[in-house]
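Take a look at the model first, then read on.

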Protein chains: 2
Amino acid sequence: MYRTHNCGELRIDAVNKEILLSGWVQKIRNLGGMTFIDLRDRYGITQLVIDQNSKPELSEQARKLGREFVIKVKGTVAERSNKNKELTTGEIEIVVSNIEILSKSEVPPFTIEDETDGGEELRMKYRYLDLRRKPLQKGLMLRHLMAQLVRRFLSDKGFLEIETPFLIRSTPEGARDFVVPSRMSAGKFYALPQSPQVFKQLLMISGYDKYFQLTKCFRDEDFRSDRQPEFTQIDCEMSFIEREDILTTFEGLAKYLFKEVKNIDFKDNFPRITYDNAMEKYGNDRPDIRFEMLINNVTEIVKGKDFKVFDDAEYIGALCVKGQSEFTRKQLDELTEFVKRPQIGAMGMVYAKYNTDGTIKSSVDKFYNQDELMKWAQATGAQAGDLILVLSGAKSKTLAALSELRHEMGNRLGLRDNKVFAPLWVIDFPLFEKDEETGQLHAMHHPFTAPKIGEEHLLDTKPENIKANAYDLVINGSEIGGGSIRIHDTEMQQKMFKALGFTDEEAENQFGFLMSAFKYGAPPHGGIAFGFDRWTAMFNGSDSIRDVMAFPKNNAGKDIMIDAPAEIDNKQLKDLFLSVNK
Amino acid sequence: MYRTHNCGELRIDAVNKEILLSGWVQKIRNLGGMTFIDLRDRYGITQLVIDQNSKPELSEQARKLGREFVIKVKGTVAERSNKNKELTTGEIEIVVSNIEILSKSEVPPFTIEDETDGGEELRMKYRYLDLRRKPLQKGLMLRHLMAQLVRRFLSDKGFLEIETPFLIRSTPEGARDFVVPSRMSAGKFYALPQSPQVFKQLLMISGYDKYFQLTKCFRDEDFRSDRQPEFTQIDCEMSFIEREDILTTFEGLAKYLFKEVKNIDFKDNFPRITYDNAMEKYGNDRPDIRFEMLINNVTEIVKGKDFKVFDDAEYIGALCVKGQSEFTRKQLDELTEFVKRPQIGAMGMVYAKYNTDGTIKSSVDKFYNQDELMKWAQATGAQAGDLILVLSGAKSKTLAALSELRHEMGNRLGLRDNKVFAPLWVIDFPLFEKDEETGQLHAMHHPFTAPKIGEEHLLDTKPENIKANAYDLVINGSEIGGGSIRIHDTEMQQKMFKALGFTDEEAENQFGFLMSAFKYGAPPHGGIAFGFDRWTAMFNGSDSIRDVMAFPKNNAGKDIMIDAPAEIDNKQLKDLFLSVNK
C-alpha cells in the first residue's frame with residue numbers, strides 16, 4: 001500500500017494516527033537537528049519532520065533526498081507548534097518513522113512553484129513538469145468540473161450526447177481542413193471536422209431533438225496568439241424550437257455554470273443587443289459591458305467648423321470618460337500613440353476636457369469655441385470633470401478604433417476586472433457580408449443560417465439587407481458561443497444558395513448529402529456552439545486558453561514536448577501513395 | 001410554438017386538454033370516414049384522428065400527407081375506445097383541429113420500422129433515415145446513458161477527465177497510425193492517437209493521480225468485420241496504487257453499470273482466472289463463462305492404443321457436453337464439418353456418447369474398448385447421458401479449435417443468452433510473446449507493462465517466462481477492457497528495452513520524451529482502458545458496434561453517406577507539399 005491519505009487531507013483530529021503518505025518532495029529544510037520536508041501531491045502539501053537526535057540514520061537518508069523525488073513515508077500525525085495557516089494541513093506534521101524512495105529525480109529544469117523561474121519555451125518542452133504547478137492543476141480541475149456540469153445540466157434537460165465522426169469529408173472550400181490520407185483508397189483523403197455542424201443537423205433530421213457533444217474541432221489556420229489547431233466545443237442543437245427556446249435553454253446553462261463554478265447568481269435575464277446597436281455603441285459585435293463609456297456618433301455636430309480632418313471624415317465618434325478631465329498631457333499623448341499603432345490605425349485623436357470649473361479645453365480650440373464644445377458635451381453626456389475622446393475617419397475603421405480605445409481606457413481605469421462577469425446576447429446579425437471588391441455575398445455564419453423571421457421575402461429582392469436568425473453569447477468582450485436557427489426548407493435553402501452565387505451543381509457538390517436529407521422531412525431546428533477552452537479560461541481568470549489545456553501546441557502549431565509534427569517513414573508515405581515536395 | 005408535449009408523453013389524465021404536437025407521419029389509415037395518423041418522434045407515437053363528417057377540409061388535407069412528412073397539429077386529447085397496450089400513449093388519441101406541414105418528404109428508400117425492408121448498403125447511405133428507427137435510437141440513448149454514468153461514477157471517485165491531444169507524433173513502428181500532413185512544416189506530419197497511453201502516463205508523472213477520459217482512438221488497420229477506424233475508449237490511469245486497487249475500482253465501475261443499466265446486482269467479486277488457466281480450460285484468453293463445458297486435457301489417457309491420429313498428436317483435448325448423448329449422426333457430422341472449416345482448421349473430430357444405458361459408443365470403437373472409453377468419461381467428468389467431443393493436434397491450434405467448438409455447442413444448446421452476463425478478470429498474462437521465426441521477444445501489451453511482482457529478477461535471465469502485471473476484464477467471451485501496472489523505474493525500463501532487443505538509440509527515438517519524463521520523479525502507476533463501443537453494444541444486445549454509433553464507417557473504412565474518403569483539390573495538396581502517386 002502506498003498511502004492511507006493524500007497530502008491535503010490530514011487535520012488536527014488525526015493526531016497520533018499512524019499513516020502512510022506518498023508524494024513528491026517539494027522542499028527540504030534543515031534547522032538545527034531537525035529536517036523538514038514538504039511532501040506534495042495534487043491535493044496539497046504535508047510537512048514531514050525527522051529529528052536527527054532520535055533517528056540519526058533516517059535523518060541522513062532524508063537529507064540526501066532531492067527536489068521532486070517520489071517517496072513513501074510512514075509516520076505519526078503530530079500537532080505543529082508553529083501552525084501554518086496557508087496550508088489546509090498546516091495544523092499538523094508527520095513524525096516520520098520510515099522513508100522509501102519510489103523514484104528519484106534529476107534537478108528539474110525550472111522550479112515547481114506557483115511563480116516559476118522557467119520561460120515559456122522551457123515549460124512547453126517539459127510540460128509534464130509544468131503541469132505539476134498548482135496554477136495549471138487548478139485550470140485542469142476547473143475544466144473537469146465544468147465539463148461534468150455542462151453534461152449534467154444538458155442531460156437533465158433531456159439532451160443526448162451523441163458522438164459524431166472525426167474522419168469525414170473535405171469540402172471544396174475546406175482550405176482550413178486538416179486532411180488524413182487513406183491507405184485503403186489511393187489518392188483519397190478524410191478530413192478532420194472544423195465542427196460537427198452538418199452531422200448535428202443530420203441528427204435533427206433523424207429525430208434526436210436535443211443533441212449535445214463536448215468534442216474536439218480542428219482548424220488549419222495560420223496560427224495567431226492563443227489559437228490552437230485543435231480545440232473543444234460544446235456543440236448543441238434542438239428541433240421544434242424557436243430562437244427564444246434556444247436563448248432560454250442556454251442562458252440557463254450559463255447561469256448554472258456561473259452559480260456552480262463562480263457562485264454568482266444572475267437573477268435577471270441577460271441583456272440583449274442587436275448587432276447594429278452593438279456596432280454603433282461599442283464599435284464591435286462582442287461588447288464588453290462591464291463598463292459604460294459608450295460610443296457617441298458626433299458626426300453631424302462637429303462638422304462644418306473648418307476643421308478639415310473632421311470635415312473630410314465619413315464618421316466622427318466620441319467617448320465620454322467619466323471623471324477623468326484631469327488626464328495629463330502625457331497620458332493623452334500615450335493614448336494618441338496607442339490609437340496610431342498600425343493594428344489600430346487611427347490618424348490621430350482629439351480630446352476635450354470638461355474641467356470642473358465649467359470650461360472646456362480641447363486639442364482643437366482653434367476651430368471650436370466654448371459653445372460649440374458644449375454641444376460635444378451634450379452629445380456625449382459629458383459633465384464637468386469628464387474627458388471626451390474623439391476619433392474620425394472611415395466609419396467601420398473608426399468604430400473599430402473607438403472600440404480599442406474604449407478597452408484601453410477601461411483597462412487604465414480598472415473597469416475590466418476579471419472577477420466581474422457581464423454576459424449578454426448579441427442578436428440580429430446580418431445574414432450576408434458583401435465582398436468589397438467583387439460585390440459577391442458571403443454567408444456571415446454559414447449557408448444554413450435562417451433569415452430573421454419576417455425578412456425571408458427579402459431573399460429574392462434585397463438579400464444584403466436581411467438579418468439572420470443568429471445569436472452570440474458574449475461575456476466580458478469575448479464571444480463565448482454562437483449559433484442560429486437553421487433553414488429546414490428546401491426551397492428557402494435553394495434561394496439562399498442562389499443569393500450566395502452557387503450554381504445548382506456547386507450546391508450539390510458541396511452540400512449534396514445534407515440537401516438530400518432535407519428532402520425526407522426536416523424539422524425546424526437550430527443550435528449553438530460554445531468555445532469550451534475560452535469559457536474555462538475566462539472562469540479560471542486566465543488570459544490564455546493554454547492554461548486550461550493539458551498539452552497545447554505552441555503558436556506555430558507545434559508540440560515541442562513530443563516534437564510533432566515530424567517526418568514519417570518512406571514506407572509509410574509509400575503505403576499512403578504520397579510523396580513529399582519540399 | 002411547435003409543441004406543448006412530445007409524442008410519447010400524453011396519458012389518460014390529459015383528456016380534454018388542448019395540445020400541440022409536432023413530429024413525423026409514421027402511418028396513415030383511412031377507415032370509413034375516419035383518418036388515423038400515427039405521429040412519431042423519439043419519445044413515442046401518438047394517434048391523431050380526423051372525422052371526415054365534422055371536418056371535411058381537414059380530412060382532405062390529412063389524406064394528402066405522406067409518410068415522413070413533418071407536421072404540427074393542434075387538437076384535443078380524447079380517450080380511445082380501442083386502447084392500444086403496445087403504446088405508452090395507447091389510452092388516448094388527439095382529435096385534430098389544425099394541421100400545419102412543416103416539411104414534406106419524398107417516399108423514403110426503405111420503411112422506417114423496427115424491422116425495415118432496407119438492405120445494409122442502402123441504410124448506410126441514408127443513415128439519417130436509418131437513425132429514425134427505434135432500434136438505433138435505443139442504441140444511441142443507451143450510449144448516452146452509459147457515458148454519463150461512467151463519468152459520474154469516476155468523477156465521484158475523484159477522477160479527473162483530462163483531454164489529451166489528437167494531433168500527436170507518429171512513432172517509427174506506427175504502421176497503424178493515421179497521419180495528418182502539416183501545412184506549416186513542409187514534409188512533416190502529425191499522427192492521430194491509437195490511444196492516449198503515453199499522455200496518460202505523463203499525466204501520472206505530472207501528479208494527476210486519477211485520470212480518465214472517454215475519447216476517440218484511431219487505428220489504420222485492414223478492416224475486418226465490426227472494426228472501425230475510429231472508436232471510443234474509456235481510458236483510465238491511477239497513481240500510488242497496486243493491481244488490487246485497479247481491479248477493485250473498475251470492478252466497482254462495472255458493477256455500477258450493470259446495476260444502473262441492466263438492473264443486475266453482482267454481489268460477489270468477479271471471478272479471476274490466470275491466462276494459463278484460461279488457455280488450458282477454455283482454449284482462449286477471454287473465456288465465456290456463462291456455461292461450463294471446460295476443456296479437459298486427455299492426452300496421456302488416450303495415447304498408446306494404436307490410434308495413429310492420437311498417438312501422433314502433441315495434444316488431445318475433450319469437451320464433456322452434459323445430457324447430449326442423444327446427438328444424432330447428422331448433428332455430429334455437422335460439428336465435424338464445423339471444426340474442419342479452414343478458419344478453425346481441425347483435421348477431424350472424435351466423439352463418444354455415454355448412453356443412458358451405461359454403454360459408451362464412440363467413433364473410434366475400433367481402437368478403444370468400453371473400459372478405456374470409461375477412462376475418457378472419468379477424465380472429462382462425463383456421466384451417463386453425456387456426450388464427449390475430442391480434438392487433437394498441435395497444442396495451441398487444438399485449444400483454439402476446442403474453444404470454437406465449445407462456443408458452437410454453447411450456441412446450439414442456448415447456453416449463450418445475451419441477457420445473461422458473466423464477467424471475470426483474466427490475470428497474469430505473459431509479458432512477452434516470442435516471434436516463432438526470429439525468436440525475438442515482443443511486448444504482449446506494450447513495453448511499459450510491469451512484470452508481475454516477484455518475477456522482476458527473471459528479466460535478466462529468463463524474460464520469456466515472466467508474467468506481466470496485466471489484466472483484462474472479460475464479459476461473455478468479449479474482452480471489454482484491459483490494462484496493466486506500468487514500469488515507473490528507469491532502470492527496469494532499460495532492462496525491458498534490452499529484453500525487447502532495442503538499442504539505446506531506438507529506445508530514445510521511439511520513447512525519448514517519456515523516458516525523459518521518468519527521470520523527474522515518476523510515481524508507481526497503472527491503468528486500464530475499456531472499449532466503450534463494444535461494452536455498449538453488449539449491454540444493448542447488439543451483435544455489431546455499428547448499432548451503437550451514430551455515423552459508422554463500412555467494412556472498407558468508408559462513410560458512404562458523405563462519400564469519404566474523397567479526392568481533394570490540387571491546391572490543397574500543393575499547400576501540404578504533397579503529390580499523389582496512384
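Which residue takes a positive phi just after α16(B)? B:Gly541 does, with a phi of about 70°. This is a predicted model: local features need pLDDT of at least 70, side-chain atom pairs count only at pLDDT 80 or more, and totals for chains, interfaces and linings use all residues. Residues are numbered from 1 along each chain as its sequence is written, chains are lettered from A and ligands numbered from 1 in the order in which they are written, and side-chain values use heavy atoms, with hydrogens and water left out.

**Chain A overall**
- Chain A has 17 helices and 23 strands. Helices (H or I, at least four residues) and strands (E, at least two) are DSSP runs, numbered from the N terminus.
- Its C-alpha atoms fill a box of roughly 90 × 75 × 55 Å along the principal axes.
- Of the 582 residues of chain A, 57% count as buried. Buried means under 20% relative accessible area, exposed over 50%, and partly exposed in between (1.4 Å probe, protein chains only).
- Chain A is divided into domain 1 (12–103), domain 2 (136–272 + 422–549) and domain 3 (291–412). These bounds come from an automatic or database domain assignment.
- The C-alpha centres of domain 2 and domain 3 of chain A lie 38 Å apart.

**Where α4(A) meets α4(B)**
- Helix α4 (residues 134–156) of chain A packs against helix α4 (residues 134–156) of chain B at an angle of about 140°, with the axes 11 Å apart. Axes are lines fitted to C-alpha atoms, for helices over the stretch in contact, and angles run from 0 to 180 degrees between N-to-C directions.
- α4(A) and α4(B) are therefore oblique to each other. Angles under 35 degrees count as roughly parallel, over 145 as roughly antiparallel, 65 to 115 as roughly perpendicular and the rest as oblique.
- On α4(A), the contact is made by A:His144, A:Gln148, A:Arg151 and A:Ser155. On α4(B), B:His144, B:Gln148, B:Arg151 and B:Ser155 make it. Contact means heavy atoms within 4.5 Å.

**Helix α16(B)**
- Seven of the eight residues of α16 (532–539) of chain B are buried. Among them are B:Phe532, B:Trp535 and B:Phe539.

**A:Pro565**
- A:Pro565 lies in the loop between α16 (532–540) and α17 (570–575) of chain A.
- A:Pro565 counts as buried because its relative accessibility is 4%.
- Not counting residues up to four places away in sequence, A:Pro565 touches residues including A:Gly557, A:Lys558, B:Phe189 and B:Tyr190.
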